[in-house]
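Me: Could you walk me through how to read a few features of a model like this one? I would like the general idea and then the case at hand.

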Amino acid sequence: MEDKLQNSISTKQLYREFDWYQQTFPQLVQNACEEFFDKNFRIELLGISKNINCLIDNESCFVTKIKINNDYDIFFRLTDKAINLILTKVLGQAKNKFNINKISELEAKVITSFNDFVFEALNSCLKKPDSTQIRRTNFDVIHLTFIIKDIDDYNKIVGKFIITLPQDLIEAQQIVSNGAPFSEDLFPYSTTYAKVLVGKTKFSLYDLKNLEEDDVVVFENSNIEHLKLTIYDETLEVKISPNMDLMLPQDNDGGEDMGESHQNIWDSIEVEMSAEFDAVKITLGELKDIENGLVVDLTSIYDNNVTLKVEGKPIASGSLVIVNDRYGVKINNVIAQGDVPQRSKQQSVENEGVEDVQSQPIDNQLPSAGDEGDEEFDYSDFELEDDNI
């Protein structure tokens, strides 16, 4: 008996019962609504819950309590938006703004009568109360949350209709598993998408805006025997066998203009640049090998496109190379080009109110998988006023 009092319905049980609630109550409530109000509203089940606090967020409600017997009650709650929607449709548009605290006797009669009508429709699905059962106050109810909206799509107002039923009077049916739908032998061969991160490095704006094709960017914090794999915001370090065919001759300086002295304060600003491959497929079996610390064969990614990003925005793309014991990217295409705006105080006064014109990105951007919607890098994000120096 003590266990019965302490154990309430679990979330997993609600998951298994949801289909029964979905098949049982929405149509009953919809039919009752159409009989009472004609075909003016559409009712849809939003969810079932044991906790009413997650259903109502600072919303005022009109509550109707209907007694079944001395132990059990059913509660009907209509939010202020739901009542406003119903009354406007049934009684016409009011002159004053709707206020649930100033509802008239006629309006309250309409809502109460509707709740009574819905109760009669649901009563056939409830068991007869058993006087031998122990009632668990405040722990034996199920909240059914419906949304109610106008049948006319132009009216975008949506309200909530919450029906609270005693758990003991419901014979909810659970979905019974017929066995494992998937064989465990299949999981090692199932695939998922992952991002492979090469590394990160600090890069000055001067070097950034002077990136050209065939330049090489070396990532100082990279390791040719490790890459990082990102899956659903989880990062795993991957042990790999480096492909030494990617090694560049040591006399490759990565471009003629790289490393020149900075011209001004804006040019010396450093930003963090990262490099990542397009999304690749990896099997769950390979993920298991990563967890066991085994070397994973990801050589296929060496033919993929590598994207250089600053603050999540693509600025260039290229191919993976090895410089000494670090990974680098040989630039094949510069996505973002332009100069950092530079203005003296005198220019700022003379050009006050004149909109700056930024150079436009070139059109031959190479998109990478999973990067749709990425904004191109804009150097004006790093614009400084002299007053801030």
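Reply: Happy to. Let us start with burial: buried means under 20% relative accessible area, exposed over 50%, and partly exposed in between, with a 1.4 Å probe and protein chains only. At 44% relative accessibility, Asn-324 therefore counts as partly exposed. This is a predicted model, in which local features need pLDDT of at least 70, side-chain atom pairs count only at pLDDT 80 or more, and totals for chains, interfaces and linings use all residues. Residues are numbered from 1 along each chain as its sequence is written, and side-chain values use heavy atoms, with hydrogens and water left out.

Me: What is the phi of Asn-324 near?

Reply: First the general idea: most residues other than glycine have a negative phi. Asn-324 is not a glycine, yet its phi is positive, near 55°. Asn-324 sits in the loop between E13 and strand E14 (326–334). Helices (H or I, at least four residues) and strands (E, at least two) are DSSP runs, numbered from the N terminus.

Me: Where does Glu-311 lie, and is Glu-311 buried or exposed?

Reply: Glu-311 belongs to the loop between strand E12 (306–310) and strand E13 (313–323). With a relative accessible area of 56%, Glu-311 is exposed. Its phi is positive too, at about 55°, although Glu-311 is not a glycine.

Me: How far apart are the end C-alpha atoms of helix H3?

Reply: The expected span of a helix is 1.5 Å times one less than its number of residues. For the 12 residues of H3 (residues 80–91) that gives 16 Å, and the end C-alpha atoms are 16 Å apart, so the two agree. After H3 comes Gly-92, with a positive phi near 95°.

Me: Which residues of H3 are buried?

Reply: Ala-82, Ile-83, Leu-85, Ile-86 and Leu-87 are buried in H3. Val-90, also placed in H3, is partly exposed, at a relative accessible area of 37%. Together with Leu-91 and Leu-106, Val-90 forms a nonpolar surface patch with about 260 Å² of accessible area. Accessible areas come from the Shrake-Rupley method with a 1.4 Å probe; for residues, only the protein chains shown count as cover.

Me: How many helices and strands does the protein chain have?

Reply: The protein chain has 7 helices and 14 strands. Of its 389 residues, 38% count as buried.

Technical notes:
Patches are made of residues with over 30% relative accessible area and no salt bridge: like charges are joined within 9 Å, nonpolar side chains (Val, Leu, Ile, Met, Phe, Trp, Tyr) within 5 Å. A salt bridge is a side-chain nitrogen of Lys or Arg within 4 Å of a carboxyl oxygen of Asp or Glu.
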